[in-house]
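Please look through the model below from the whole chain down to single residues. The text that follows takes the overall form before the details.

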Amino acid sequence: MSAVEETPVSRRLRHVKHIIIVCSGKGGVGKSSVSTQLALSLRASSPTARVGILDVDLTGPSIPRMLGLDGHPVHQSSDGWVPVYADGSEARLACMSVGFLLKKKEDSVVWRGPKKNAMIRQFLSDVRWGELDYLVIDTPPGTSDEHLSLVEHMAPVHARISAVIVTTPQAVALLDAMKCLSFTRATNIPVLGLVENMSGYVCPCCGEISNVFSTGGGEEMARREGLTFLGSLPVDTELVTLLDAAEVERPGESEALPEGGSKRSFDLLERYQKTPTAPLFKKIVDKVLERLSSLDEQHQAS
């Protein structure tokens, strides 16, 4: 059996143990918030866990905003781009996004396929990720240029790639999630499981859950397709406020601190654990870690 050819991407990702692509067939299902929570929860899963989150939703980058890192510059070192660390000098949550490269955060990214492809290749080959236990990749909706570029560039590390599919309970979203599943099967990427997001609304006053959409569609799809159902997440107003920074930002709150990160990003790491969604997502991460362990055993046996 011939050895896999080494590439700039494989050299850069040599010390990344697991690469998790978060995808959805449809926009507006909360994929970026799931990606953010997955990164935060994986970081919290162990006192030594090192996590990276790469935002390849090039035309709609939202990860910097959700992590409280808007406006942070990306520094160039002799060994490549240095990711922005949400937890400062602790350096256990690294982030990279095209959002850091825009002059103004409201600027549009008007790129054709080849430019997108080159940007993704640069994110994978030029960013100094270092040693990571998990690299979470937030992708745009659908199965387009960005997804194909990821799979092609990461071909030498394909054995370490897996996917999480995000959907909402209604039939239209589930239909598009099936297309996402079809893509993972066509590219031979193992699916860790499916998350049903926006599954009900929890009233902040009385705690009653109302099913704004239908319910249970994601679980039924997982059962039908032989996938692991990772769990359901209701609409959590505390989480929305936290990740969307809906509260009025105080002066200097998002400015970069000398040790990295910002006051808002440090607050977010602490406040996320107090949201009603955090314990629910911990159960999802437990299942993700179980599936990753199972895949590791299969690779060692083969």
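Helices (H or I, at least four residues) and strands (E, at least two) are DSSP runs, numbered from the N terminus. D236, for example, lies in the loop between strand β12 (229-232) and helix α8 (237-244). This is a predicted model, in which local features need pLDDT of at least 70 and side-chain atom pairs count only at pLDDT 80 or more, while totals for chains, interfaces and linings use all residues. Residues are numbered from 1 along each chain as its sequence is written, and side-chain values use heavy atoms, with hydrogens and water left out.

The secondary structure of the protein consists of 10 helices and 12 strands. The C-alpha atoms fill a box of roughly 55 × 55 × 40 Å along the principal axes. The radius of gyration is taken over C-alpha atoms, and the rule for a globule is 2.2 Å times the number of residues to the power 0.38. For 302 residues, a compact globule would have a value near 19 Å, and the 18 Å of the protein agrees with that.

A residue is called buried under 20% relative accessible area, exposed over 50%, and partly exposed in between (1.4 Å probe, protein chains only). Of the 302 residues, 50% count as buried. Accessible areas come from the Shrake-Rupley method with a 1.4 Å probe, and for residues only the protein chains shown count as cover. The accessible surface of the protein comes to about 14100 Å², and 53% of this belongs to carbon and sulfur atoms.

Contact means heavy atoms within 4.5 Å. Among contacts between residues at least 6 apart in sequence, 79% join residues at least 24 apart. D236 gives an example of residues separated in sequence: D236 and T275 are 39 residues apart along the chain, and their C-alpha atoms are 8.1 Å apart in space. Leaving aside neighbours within four places in sequence, D236 is in contact with T275, P276 and T277. D236 counts as buried because its relative accessibility is 8%.

S35 is part of helix α2 (residues 31-44), and with 0% relative accessibility S35 counts as buried. Not counting residues up to four places away in sequence, S35 touches V22, I53, I63, V136 and D138. In helix α5 (residues 145-153), the buried residues are E146, H147, S149, L150, V151 and H153. Their cover includes α1 (8-12), α4 (113-126), β7 (132-138) and α6.

Which residues other than glycine have a positive phi? N188 has a phi of about 60°, and M198 has one near 55°. N188 is found in the loop between α6 (171-186) and β9 (191-196), whereas M198 lies in the loop between β9 and β10 (201-202). N188 is exposed because its relative accessible area is 59%, while M198, at 22%, counts as partly exposed.

How many disulfides does the structure hold? A disulfide is a pair of cysteine sulfur atoms within 2.5 Å, and the structure holds 0 of them. The sulfur of C95 has its closest cysteine sulfur in C23, but the two are 19 Å apart and therefore too far for a bond. C95 counts as buried at 0% relative accessibility, and C180 also counts as buried at 0%.
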